[in-house]
Amino acid sequence: MQKRRYKTLVLLRTVLTFSVCVIALLALFSVHVAPFSNDLTLSESYKLPTQQHEIGHQRWLNELSWMQELSPPQLSKAPPPLHKLNGARGILDSEKLWKQPRNRDFVPCVEPSSSYSFPLESRGYLLVHTNGGLNQMRAGICDMVAVARIINATLVIPELDKRSFWQDSSNFSDVFDEDHFIRALANDIKVIKKLPKELANATRAVKHFRSWSGLDYYQDEIATMWEEYQVIRAAKSDSRLANNNLPPDIQKLRCRACYEALRFAPRIEAMGKLLVERMRSYGPYIALHLRYEKDMLAFSGCTHGLSPAEADELTTIRENTAYWKVKEIDSEEQRAKGYCPLTPKEVGMFLSALGYPSSTPIYIAAGEIYGGDSRMADLQYYFPLLMCKEKLASPDELEPFMSHASQMASLDYIVSVESDIFIPSYSGNMARAVEGHRRFLGHRKTFSPDRKALVHLFDKVERGSLNEGRSLSERIIEIHKRRQGSPRKRKGPISGTKGRERFRSEEAFYVNPLPDCLCQKEQSSTSTTFINT
């Protein structure tokens, strides 16, 4: 009898031990694979359509490849295991990875002061020819709104750049909500869609406004041109207004123009919201602005890791592009100074070292990646779930926007602004515009990779003097502790710089609207007050 009881106890103990092991394994699997829940809600300006669009499990499996299943031959080892999340510690790590920086109660404050008046009687018409890509044009348009206010001009809806590298034929109304733009600025300046017919043949003063100019330049030099001309045409729009030392009401007007008036066209907004919704079906996601495109590599002269034929192709493009002034570039020197975009492989190493698990959904905000699938395989090795517009939407859905670089970039802009985390591989115009917009909306988590420090570490890994693993991870995490989008004032010029270089070295206005357009609210038991910083 006693022997039988002993056998029963042994059997029960075995069953219990097995059950505990199964539960532990299931818990580990769920923490590692299941995306962490998300606290962010879609901002008021990007509310989603009510209709839900589901993406099935089979489609998820089919989309694990960028274009097709590729395994880079140069990577024979498994990815380092640092990013695995285990048990309770894994849950804490996951919370930290997706946690937003403290916004220190900064909120938008763009309302004009009590002394701000309705627009004065217009002295003439301001025509604007914007230049550059989408985000360069966005900033230029907002600056020209402020310039029109300063010189008492009626602003004619700006003409978008159709002659740049992208050869986009889009008009203003194809990209932006024209009627909303006019209505939203009605208390600031008068905006009209076309120049009056009676002035169609009037003599126009074509002027290249001086870069980074202040109030005195526009009031003393440009406004005096109204004595001779009824129409002034700004030949370029980028960087024509100073970043700092302008009246507070002018700075706030720039923010109202950028973050309230300059809304995307309704069909772009709707498609952008749909892409956000479909990305969210995978859980919290990272938007990666992977600026590894032919135009950027040719312009910057960055050829690290490319074949001689690819390097020659990029050099030829740069030499044949007349408005790119610098032709002779030392690629390795550029990279060592941090002036090159991170490669797909370097981005994969960076995100893995930060601790993001391989199951993290990543939206690639970019055009055609130079080198295509073979180069994207380096990133896909670390993070299989790479998504883009073309994967989230059908060809029929994207057809209206195809062949229009600015409209396709607008979709990427919306998905990037609304992402849980935004990471640019290069600090170009889109990276800066998205960072500024995310700061304005509450300082959403935005990593600013220290490319100079990163390539130094990655070269050590390449030489074998540093291994991917804990040591690399600890260094990268330490470097980026204060580069995650926390509130700070806009950076001024680099000490010792003079003239145009002094202005060029300043942080651009639209990268960081603090202190001009963000105020800190002070809570009390009876009221809320706002403090200008």
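## Salt bridges in this predicted model

Asp238 and Arg240 pair through their side chains in a salt bridge, with N and O 3.2 Å apart. Both partners are on the buried side of the scale: Asp238 has a relative accessibility of 16%, and Arg240 has 10%. Keep in mind as you look around that the model is predicted.

Side chains of opposite charge can pair when their charged atoms come close.

| Salt bridge | N to O distance |
|---|---|
| Asp238 and Arg240 | 3.2 Å |
| Arg254 and Asp143 | 2.9 Å |
| Glu507 and Arg488 | 2.7 Å |

Let's turn to Arg254 and Asp143, which form a salt bridge. This one links distant parts of the chain: Arg254 sits in helix H8 (residues 248-261) and Asp143 in helix H4 (residues 134-150), 111 residues apart. Arg254 is buried, at a relative accessible area of 1%, and Asp143 is buried too, at 3%.

Next comes the salt bridge between Glu507 and Arg488. Glu507 belongs to the loop between helix H21 (499-504) and strand E11 (518-523), while Arg488 belongs to the loop between helix H20 (470-479) and H21, so their pairing ties together parts 19 residues apart in sequence. Glu507 counts as buried at 12% relative accessibility, whereas Arg488 counts as partly exposed at 26%.

Note on methods: Residues are numbered from 1 along each chain as its sequence is written. This is a predicted model: local features need pLDDT of at least 70, side-chain atom pairs count only at pLDDT 80 or more; totals for chains, interfaces and linings use all residues. Side-chain values use heavy atoms; hydrogens and water are left out. A salt bridge is a side-chain nitrogen of Lys or Arg within 4 Å of a carboxyl oxygen of Asp or Glu. Helices (H or I, at least four residues) and strands (E, at least two) are DSSP runs, numbered from the N terminus. Buried means under 20% relative accessible area, exposed over 50%, partly exposed in between (1.4 Å probe, protein chains only).
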